[in-house]
Amino acid sequence: MTGQAGRPVRIAAGQGFWGDWLEAPVRQVQGGPIDYLMMDYLAEVTMSIMQKQKSRDPSAGYARDFVPLMERILPDVVAKGIRVTSNAGGVNPRGCAEAVLTVARKLSLPRKLRVGLVSGDDILGRLDDLIGRGHPLADMETGRPLSDVRDRVLSANAYLGMAPIVEALRGGADVVVTGRVTDTGLTLGPIFHEFGWSSEDWDKVAAGTVAGHIIECGAQASGGNLLKGWRSVKGLENPGFPIVEAAADGSFVVTKHPGTGGVVSVASVTEQLVYEMGDPRSYITPDGVADFTTIQLRPAGRDRVRVSGIRGGPRTPMLKVSIAYFWGYKAVGTLVYAWPDAYDKAKAADRVLRRRLADLGLTYDQILTEFVGVDATHGRLGGAPSAELPEVQLRVGVRARERAPVERFTREIAPLVLTGPPSVTGFAGGRPAVEEVVAYWPALVDRREIEPHVRVEILEA
Amino acid sequence: MAKTVRRPAKSARSATRPLQLRYLAHARSGDKGNTANVGLIALEPEFYPLLVREVTPARVARHFRGMVHGVDRFELPNLRALNFLLHEALDGGGTISLKTDAQGKVYSTALLRMEIPVPLALARRLARS
């Protein structure tokens, strides 16, 4: 094992979300030495999208991109002994694992490939049992019990931590495929497996959690979306995704492969650390609670930042559950108004549109108007626009519980071109689409209800 | 992290001029449900105490009035950063929101528009750079 032999363990980020840059994992395995490749696919609402796909096709329900990506990198992964951890399995980790095994067979690799399959996070089939036995699964934001929306629930998954990943790696898995494992667990698993640390060494858990948080959004820690000195960030056509070099004392270095673009600096790491942050003293994961006010950063050479001093506390008795339920419908329509007085024309068009909707007796949960070029990003803080503004995009969104008013709204945009204010264009895309709104319901559940159901299997091809 | 801050003497307070936070800090923002967070990071370590003193939750709430409902602030002296939670900022957030910025990605630079009183000498130096 690398970690126990004294060499740092190198964990590379390959994907920061479902839809991230497809070349990144390939360049991570080819651009220099790494021990692990972690690929995070799951955002809050991703599971419900996957559940919808699975309901139409029982073989779907996972991040399909993962399979062709694995096809490209498996020869290198096997030749170099790199191991992969990913939550690409979504709501169908078994289907995902089997698809990886199928491409492995097709590639005729020099040796067998072992795929670790982690399941047990999916509690959709157990909801009534859990509610019946007194687990309210109340919304963490509103306090409402899940029974309020029970008949509209589309997916329900508990967030698992590193434990099943450590178990799969111990079982010899080359590739670990999971469902709803936390982003940070994908990094903690390899580190704890390599160093053999106790899962109750809370400072080490916190350190690995911070390492995972830094690389879980891919290049957002290594120059992508970096505000400080953005003009001087070079080479973003080939951004080096971040790599953590974890040491036996719990400290680690954040870096990237030589010859890649972007930058790893105290500024780039700090911007990622504060991303999606709540109370910095208690960053809660299934594995423990990290205190972000203890993190020490210092530059350690070109594109290298040393991270140390991290303290943490014990895990809580609860696990977070991510529930998605059907909410209703929405649509967004846009038109572009040109100089002169572009903003005034767009405002006049918005008034006409709203009046027509009201005259039709249509009601909505929300009608939101933005003027792109004036107030869509910073609201009134952008100040009053000049009459010389070359163009303004009128962007109107509606949402409702029923489909009919949203459907009718989508037919009220195009008529404005010939029946409203002048100098209007930008309607090449046709009628706006009616979208189903799937809402997110975060809840907590006693971890003793989940952990006995978690399974780790090793499959071979 | 609640600390009492000594009120600067009147003469020191008067020798200031308003300056946008963009000259003193960089920032990144994200979302948690209907709440946006903005991490505000001092561009130079010596700016951090100024941010702690002047970028109060009450001032940030006033800056964003009508756009957010409730502001919490947390201090990270180790990173020379302040973390702000802007509640009810995202029209419901997630998939429900109709906003262009449904995930609060650019509340970061919206906060950098805010002006705080900065000592004259520092303001002059920053305006030159």
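Predicted model: local features only at pLDDT ≥ 70, side-chain atom pairs only at ≥ 80, totals over all residues.
1. Ten strands form an open sheet, and their order across it is β11-β12-β8-β7-β1-β2-β3-β6-β4-β19 in chain A. The pairing within this sheet is mixed. At its edges stand β11 (296-299) and β19 (455-460) of chain A, each of which pairs on one side only. Neighbouring strands are turned against each other by 20° on average, with direction ignored.

2. Strand β1(A), residues 9-15, pairs with β7(A) in the antiparallel sense, and the pairing extends over four bridges.

3. Helix α8(A) lies across β1, β2 (36-39), β7, β8 (252-255) and β12 (305-308) of chain A. Relative to β7(A), helix α8(A) runs at about 165°.

4. The packing of two helices. Helix α7(A), residues 185-195, packs against helix α8(A), residues 202-215, at an angle of about 135°, and their axes are 8 Å apart. Because of this angle, α7(A) is oblique to α8(A). The crossing of α7(A) past α8(A) is right-handed.

5. The residues between these helices. From α7(A) come L186(A), T187(A), L188(A), I191(A) and F192(A). They meet V205(A), G208(A), T209(A), A211(A), G212(A) and I215(A) of α8(A). Sorted by class, this contact has seven nonpolar and four polar residues, and no charged residues.

6. The loop between β14 and α10. In chain A, P340(A) lies in the loop between β14 (318-338) and α10 (342-359). The peptide bond that leads from W339(A) to P340(A) is cis, with omega near -5°. D341(A) is also found in the loop between β14 and α10 of chain A. Its phi is near 60°, a positive value in a residue other than glycine.

7. N225(A) is not a glycine, although it has a positive phi of about 55°. This residue is found in the loop between α8 and β7 (243-246) of chain A. N225(A) has 17 C-beta neighbours inside 10 Å and therefore counts as partly exposed.

8. The contact between the chains. Chain A gives 40 residues to the contact and chain B gives 31 residues. On the side of chain B that touches chain A, at least two residues are supplied by each of β2 (25-32), β3 (35-42), β4 (71-76), β5 (81-86) and α4 (107-112) of chain B. The largest share of that side, six residues, comes from β2(B). By class, the side of chain B that touches chain A has 13 nonpolar, eleven polar and seven charged residues.

Conventions
Residues numbered from 1 in each chain as written. Chains lettered and ligands numbered in written order. Contact = placed C-beta atoms within 7 Å. Nonpolar A, V, L, I, M, F, W, Y, C, P; charged D, E, K, R; others polar. Axes fitted to C-alpha atoms, helices over the stretch in contact; angles between N-to-C directions. Parallel < 35°, antiparallel > 145°, perpendicular 65-115°, else oblique. Left-handed = near helix turned anticlockwise from the far one by under 90°. Buried ≥ 20, exposed ≤ 12 C-beta atoms within 10 Å, placed from the backbone. Pairing = 2+ DSSP bridges.
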